[in-house]
Structure formats: structure tokens, C-alpha cells
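This report is a first guide to the structure shown below.

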Amino acid sequence: MLDVTVIEDPEAAAVSLDPIRARLLAELADAPASAAMLAGRVGLPRQKVNYHLKALERHGLVELAGERRKGNVNERLMRATAASYVISPAALPAVQPDPDRFRDQLSARWLLALGARLVRDVGMLISGAAKARKRLATYALDGEVRFASAADRAAFVQELTAGVSALIRKYDAPDAEAGRDHRIVVAVHPTVKEQSRSAAGDGTGPAADGAARSAVGGEPRPAAEDETRPAAEGESRPADPADKDVPRPPAEDRPALGS
């Protein structure tokens, strides 16, 4: 069983979002079970559970773990193909976020679009590597820092930008014929409290504490880009309520990473 897998197919995404099937996936992520075993847990007739399991199996979300004889019947024991699932924006191709539509490094919504693209691209890369039976070279760094003030956070972002930009300039080899392009994503955002994670579905939205989470990830990207150009490019945009507490420097002074 995989630790996490990305759902890219729209029909598979729809199947996984059905409340009953999502419950079955959660049960089968813990341990293999038959339709009869699951029926009592979810309060449905065995035939109904079998119907849902077949739908999940058709889309590769569950698989056969084994069989056992019970009385005069052979029971199929099913298990989830992953402990957790992420739905890729590729499942909604017509409305998936496009970070290139606008660039503003101090916008929480642009960060969200970048995260969505990361899920989509890494999901596709994992699928391609699995089909080719090759390992996928990736890297990610995750950590937390508590800033004493907004000014300290702004200074941290400036130093982080300068440091990573210097590394990009040092190692970027646009003329290397045998080289491979990689995308670099750097993110800093307030840490979400654990109690807010569990209440995320109640419509109130997550709260954040005084710490910030920073993440640096690297992944292959399709084509070289100018990694150091200003993201905002001097454009104006409507105020974003999610960004109202973030000091916004002039466009020419904003960090250049993330493009």
C-alpha cells in the first residue's frame, strides 16, 4: 500500500468523494476486509457494500488483498491502494488554477495556485515514473519558525529570497544540452492549529497561530523560465482579504522567487 497517491481521473475523483465510498476507503486503509465485514461497520446491506467496492476497484482505489472461505462462499478481502488520497487539479482540467495567470508573491491565493500546480505536476511525474519503472528524483524541506513580529517575517523573506536566488544564479545552466530543468517552489505561511485541521469541514475556516511554516520543494519542470524576474511585474490587483495583514512592499522590491 502506498502512503499517498494522487487521483487524476475525473471519474475516480467523483467516486472517491461519495461519502459512503470515502468511508469504505478509510476502513480499508486500516486493514483488508470483505463486504460482509464492512457491512456491519457502515450500516449497509452486504450487496450494497459490494456495489460500492466494485466501483472503487474499477478506478484503482481498492484492490484484492486475498480470499478466504467462509461457509459455502469465497469472500474477497479488499484493501485500499493507498493510506491517503489527494485529488489533482487535473481532475478538473477546465477550471484548474493557473499560477501564470497572475503573479503576486504576497498573495495567499497565488500560493494556493502554486500548491495546486505542485500537486498536479508531481502526480503526473509519479504516474510517468511508475509506468517507466524508474525512480523519481525529488526533494522537499519542511520546517516551522516563530516570528516575533511582522517586520522579522518580512526580513526573513528578503534573506530567504536573496539566498535562494543566489543559488539559482550559481547553478543555473541554461545552455547545458544534457541538463534537465527543475521547478523550485518556496512557501512561507502561518501554521494551522491542529484543532482547526479537525474542524476544517465545518465552514468556519482554519485559524492560524503566531508561527509560520516554510517549505522548499524541487520538482522537474517542462521548460526553463526566468527564475529571477519580479513576480508582480508592477500590475495592480483587487485587495485580497486573505492578505490584508501582510505588509506589501513596492513591486520593484518584492522577492523574485516562485516564478
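The model is a predicted one.

**The whole protein**

The protein has seven helices and seven strands. Along the sequence they follow the pattern β-α-α-α-α-β-β-β-α-β-α-β-α-β. Of the 259 residues, 31% are buried. The accessible surface is about 15900 Å², and carbon and sulfur atoms account for 55% of that surface. When contacts between residues at least 6 apart in sequence are taken, 70% of them join residues at least 24 apart.

**The largest nonpolar core**

The largest nonpolar core holds 21 residues. Leu24, Leu28, Leu38, Val49, Leu53 and Leu56 have the most contacts inside this core. Two or more residues come from each of helix 1 (10–17), helix 2 (19–30), helix 3 (35–42), helix 4 (46–58) and strand 3 (73–80). Leaving aside residues up to four places away in sequence, valine 49 touches Leu24, Ala35, Leu38, Ala39, Val42 and Leu44.

Which residues of helix 4 are buried? They are Val49, His52, Leu53, Ala55 and Leu56. Seen down the axis of helix 4, these residues fall within an arc of 160°, so they line one face of the helix. Gln47, Tyr51, Lys54 and Arg58 are exposed on the other side of helix 4. The cover over the buried residues of helix 4 includes helix 1, helix 2, helix 3, strand 2 (62–70) and strand 3. Helix 4 has 13 residues and reaches 18 Å from its first C-alpha to its last, close to the 18 Å expected at 1.5 Å a residue.

In helix 3, the buried residues are Ala35, Leu38, Ala39 and Val42. These residues are on the same side of helix 3, because they cover an arc of only 115° around the axis. Their cover includes helix 2, helix 4 and strand 3. An α-helix has 3.6 residues a turn, so residues three or four places apart point the same way.

| Residue | Relative accessible area | Class |
|---|---|---|
| Glutamate 27 | 16% | buried |
| Serine 149 | 32% | partly exposed |
| Arginine 133 | 79% | exposed |

Glutamate 27 lies in helix 2. Glutamate 27 counts as buried because its relative accessible area of 16% is under the 20% cut-off. Not counting residues up to four places away in sequence, glutamate 27 touches Leu38 and Arg41. Leu38 is also one of the core residues with the most contacts.

The side chain of serine 149 reaches the backbone nitrogen of aspartate 152 at 3.2 Å.

Arginine 133 is found in the loop between helix 5 (108–132) and strand 5. The phi of arginine 133 is near 55°, a positive value in a residue other than glycine. Most residues other than glycine have a negative phi.

Key: Residues numbered from 1 in each chain as written. Predicted model: local features only at pLDDT ≥ 70, side-chain atom pairs only at ≥ 80, totals over all residues. Heavy atoms only, no water. Core = buried A, V, L, I, M, F, W, Y, C linked by side-chain atoms within 4.5 Å. Buried < 20%, exposed > 50% of the residue type's maximum accessible area, 1.4 Å probe, protein only. Helix = DSSP H or I, 4+ residues; strand = E, 2+ residues; numbered from the N terminus. Contact = heavy atoms within 4.5 Å. Polar contact = N/O pair within 3.5 Å; in protein donor to acceptor, adjacent residues only side chain to side chain. Expected span 1.5 Å × (residues − 1). Arc of directions from axis to C-beta. Areas by Shrake-Rupley, 256 points an atom, 1.4 Å probe, with all protein chains shown as cover.
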